[in-house]
Amino acid sequence: MYKENDLLQIAKRENNNKRNYLVINKLQGKHIPVKPSQALGMFKELAMLLKKAYPYEKILFIGFAETATAIGAAIASYFDAFYIQTTREDVPGADYLFFSEEHSHATEQRLVKNGLDSIMPEVNRIIFIEDELTTGNTILNIIKILKKEYPCIDKYSVASLVNGMSEEHLQVYKNKGIVLHYLLKTDNSKYPKIAAGFAGDGEYISPDVSDNTTTSITYYNANNYIDARMAVNTTVYNKYISELCQYVIGQTSWTGKKNILITGTEEFMYPALRIGQFLEQKGKNVKSHSTTRSPIIVSCEKEYPLHVRYELKSLYNDERTTFLYDIGQYDCVIIVTDAIYTGKKGINTLINALGTKNKEIHIIRFFANSLI
């Protein structure tokens, strides 16, 4: 069983009056670099709880963007089920169900409706996957929409790595018959005071959009990626992810490299962790973390989780600000992304940030099958 001090650290959100703290999971592979096998091992433990609870039901898993997309995909891979992630990105040709994430810095969430209509008659339970639950209001928002859109579904569950819901919010879920599963239960009432006590005196590095880097850059393309922003059969999806991992590790560019960083971009986390896991199995020392929309204060205190913040332009839209935290030094870095935006600012800022500590970067662009 996981203990709070082993798994979690509290960080301070930037300019968020609704909630001043952020729960940072040290093993999740989002904000803090971690061995992919550790992150995926933690996700597997939650999956095994669900396998025991629901051995026979036909399930649709929904993973929440951006921080729970990898968790959701990993858990769903242990089931003969359907999977879809929520998204804040524009999917060409998509129709959406819209809902809100009230405490977040980026409140709009969307679920791509295309494909859902055809699979819902085969589903008798929906399980939402989150990294951390505090009030559960976001999930109640989407359940209200789904019940209206798909009244045939009347069984809902939620699985999270961490549950910090108060007794009041837990009772709401109990009254509605929504089952909760989690690896760790926390008391979040102490977190606002902890977050307020940090100085916020870490290092803040501005984005560098220049393209005159001296870092060695190599590009690769992986075509026909199956995009989990649309409903997918997990058996087919997981098989294709494995094939993509085999393609990546088959490249010779990192054959002689020992220490490798795999960096995902925003919602695109699961392939980064899976590729990293494959490289670990080949004897590499691998760490993985991903860019994020979350503007988190960095601070110098030893017990604080994040110390250096690199501000970036998003690879998906260079008008959007994103971040990467605590970049280390490696033999090489592999960026994996499904961003199709052709502007240079986003990729330049990421290369330049990683290039402050690393001199060899490989970029793998995953191009998804078209929706229409």
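Predicted model: local features only at pLDDT ≥ 70, side-chain atom pairs only at ≥ 80, totals over all residues.
Strands β8 and β9 (residues 179–185) run parallel to each other and are joined over six bridges. Both belong to an open sheet of six strands, ordered β9-β8-β7-β3-β4-β12, in which the pairing is mixed. β9 and β12 (232–233) stand at the edges with a single partner strand each, so one side of each is left without a neighbour in the sheet.

**Strand β8 and its surroundings**

- Strand β8 covers residues 156–163, and because eight of its eight residues are buried, the strand is largely enclosed by the rest of the structure.
- β8 also pairs in the parallel sense with strand β7 (residues 125–133), in this case over seven bridges, and within this pairing glutamate 130 stands opposite serine 160 of β8.
- Between β7 and β8 the chain passes through helix α5 (residues 137–149), giving a β-α-β crossover that is right-handed.
- A right-handed β-α-β unit is likewise made by β8, helix α6 (residues 167–176) and β9.

- Strand β3 (residues 59–63) and strand β4 (residues 82–85) run parallel and are joined by four bridges, with leucine 60 standing opposite phenylalanine 82 in β4.
- Helix α2 (residues 36–53) packs on the sheet, where it touches β3, β7, β8 and β9, and the direction of α2 makes about 145 degrees with that of β9.

**The α8 and α9 helix pair**

- The axes of helix α8 (residues 234–249) and helix α9 (residues 270–281) come within 9 Å and cross at roughly 55 degrees, which means that α8 is oblique to α9.
- The crossing in which α8 passes α9 is right-handed.
- On the α8 side the contact is made by Tyr237, Asn238, Ile241, Ser242, Cys245, Gln246, Val248 and Ile249, and these residues meet Tyr270, Pro271, Arg274, Ile275, Phe278 and Leu279 of α9.

Conventions
Residues numbered from 1 in each chain as written. Heavy atoms only, no water. Buried < 20%, exposed > 50% of the residue type's maximum accessible area, 1.4 Å probe, protein only. Helix = DSSP H or I, 4+ residues; strand = E, 2+ residues; numbered from the N terminus. Pairing = 2+ DSSP bridges. Right-handed = clockwise from strand over helix to strand, strands pointing away. Contact = heavy atoms within 4.5 Å. Axes fitted to C-alpha atoms, helices over the stretch in contact; angles between N-to-C directions. Parallel < 35°, antiparallel > 145°, perpendicular 65-115°, else oblique. Left-handed = near helix turned anticlockwise from the far one by under 90°.
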